[in-house]
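Open the model in your viewer and keep the selection tool ready. We will go stop by stop.

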Amino acid sequence: MSRHQHIINHLFAFFEHCSENSTSKLLVNKHFKTITTEDSSWPNFIFDVQLNNNSIPEITETISNRPQLNHIILDEKQLEENEDLLTQYGFIPLAEWACLEFDNSTTLKQNHNNLTIKTTSPKDLKDWIGVASSGFKALSLELFKNLLSSKNTTLYSGYHQNKLIATALLFKHNNTAGIYHVVTHPNYRNKGFGAEIFSFCEQEALKNKADRVIAQSTQEGLNTWIDTGMKQYGNFYLLCWNKPKQ
Amino acid sequence: MNRTQVLQEITQLLNEVLERNDVTLDENTTAKDVDGWDSLNHAIFIGEIQQHFKIKFSLREVIGLKKVGNICDLVIERLAND
């Protein structure tokens, strides 16, 4: 399996793990798999899509029946090879994400020591959710409450002058640690806090004997993570489909 | 069609997609700046733009549409080439 595919699979494993204790179910179709959940704060992504003339009507039908299930994840090759088909059916790409893996040949950078980073406690979870939601959509407190007691997941809070201003989450699956939900409070961005909590997660993952440390990033954040020792292995794409007007 | 006209027409299209009449756009507006401009409405909006101007965007071009100014650039370029 390519590094790139391994990184995408880890993302799916993370979603699967998050959904275990919520009102969700895993749907495996011969053409794709997806986790559907009634929690509208949680993204419903379709993974492992086998794109062809037979599968696309099934995918669009599935999306039609579940209004919140409207994103599919494709890799670069799938996007390039199926451009005509995707355009014909009205899929619109929304975002390009980079697949990242820590380069073991690099030396970990030292923390800048501007943040005090702690494992998130149940009493701090509400503040953690508040900051993490500023980078994505509003996240569910209930869903993340379950993650606090998970042995595979650790939530980290970064404090600056005693205020929680940065979040991160480390998820270990099959000896690969993934860094997720790295978000800095909007008032404290562009000051290196995100890189600091990200580097901390890299160190924690290596300390806990992860063989590989991976992450995904938008194009905007890419250089920051590369500076912490990550290396890019291709991209993946988030596409949206909407039922055409009759 | 000049840039101001393109901006006016895409502003009108976004208002229709969001079922509003109070959205104003400028070159630097992004989806995050407008309530209701979520991923689903973005998909509808991009589809409406292509239909309205009778133009087609490639998938790669759509990925590059980060702000309203990028949409204006692409519409103007496509209208000029078609």
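**Stop 1**

Select A:Arg212. Its relative accessibility is 24%, so A:Arg212 counts as partly exposed. Here, buried means under 20% relative accessible area, exposed means over 50%, and partly exposed lies in between (1.4 Å probe, protein chains only). This is a predicted model: local features need pLDDT of at least 70, side-chain atom pairs count only at pLDDT 80 or more, and totals for chains, interfaces and linings use all residues. Residues are numbered from 1 along each chain as its sequence is written, chains are lettered from A and ligands numbered from 1 in the order in which they are written, and side-chain values use heavy atoms, with hydrogens and water left out.

A:Arg212 and A:Glu101 form a salt bridge, with the closest N and O atoms 3.1 Å apart. A salt bridge is a side-chain nitrogen of Lys or Arg within 4 Å of a carboxyl oxygen of Asp or Glu. The pair links distant parts of the chain: A:Arg212 is in strand E10 of chain A, A:Glu101 is in strand E5 of chain A, and they are 111 residues apart. Helices (H or I, at least four residues) and strands (E, at least two) are DSSP runs, numbered from the N terminus.

Is A:Glu101 buried or exposed? A:Glu101 has 2% relative accessibility, so it counts as buried.

**Stop 2**

Select A:Arg3. Its side chain meets that of A:Glu101 in a salt bridge (3.1 Å, N to O). This pair also links distant parts of the chain. A:Arg3 sits in helix H1 (residues 3–19) of chain A, A:Glu101 in strand E5 (residues 91–102) of chain A, and they are 98 residues apart. A:Arg3 is partly exposed, with a relative accessible area of 38%.

Show A:Arg3, A:Glu101 and A:Arg212 together: they are linked in a network of salt bridges. Over all chains, a search of the whole structure finds 14 salt bridges.

**Stop 3: strand E9 of chain A**

Select residues 176–184 of chain A, which are strand E9. How many of its residues are buried? Nine of its nine residues are buried, so the strand is mostly covered.

Look at the neighbours. E9(A) pairs with strand E8 (residues 163–173) of chain A in the antiparallel sense, over seven bridges. Two strands pair if DSSP finds at least two bridges between them. To see one bridge, pick A:Thr167 and its partner in E9(A), A:Val183. E8(A) and E9(A) form a hairpin with two residues between them. In the turn, A:Asn174 has a positive phi of about 50°.

E10(A) and E9(A) run parallel and are joined by four bridges. A:Gly178 has A:Ile214 in E10(A) as its bridge partner.

**Stop 4: strand E7 of chain A**

Select residues 153–160 of chain A. This is strand E7, and seven of its eight residues are buried. E7(A) and E8(A) pair in the antiparallel sense over eight bridges. One of the pairs to pick is A:Thr154 with A:Leu170 in E8(A). Two residues lie between the strands in the hairpin of E7(A) and E8(A), where A:Gln161 takes a positive phi near 50°.

E7(A) also pairs with strand E6 (residues 116–119) of chain A, antiparallel, over four bridges. There, A:Ile117 has A:Gly158 in E7(A) as its bridge partner.

**Stop 5: a salt bridge inside chain B**

Select B:Arg3 and B:Asp73. Their side chains meet in a salt bridge (2.8 Å, N to O). The pair links helix H1 (residues 3–17) of chain B to helix H4 (residues 68–81) of chain B, and the two residues are 70 residues apart. B:Arg3 is partly exposed at 29% relative accessibility. B:Asp73 is partly exposed too, with a relative accessible area of 38%.

**Stop 6: where the chains meet**

Show both chains. The contact (heavy atoms within 4.5 Å) takes 14 residues from chain B and 19 residues from chain A. The buried area is about 1500 Å², and carbon and sulfur atoms give 63% of it. Buried area is the accessible area (1.4 Å probe) that two parts lose on being put together, summed over both.

Finish on B:Arg60. B:Arg60 forms a salt bridge with A:Glu80, the closest N and O atoms being 2.9 Å apart. The count between chain B and chain A is two salt bridges.
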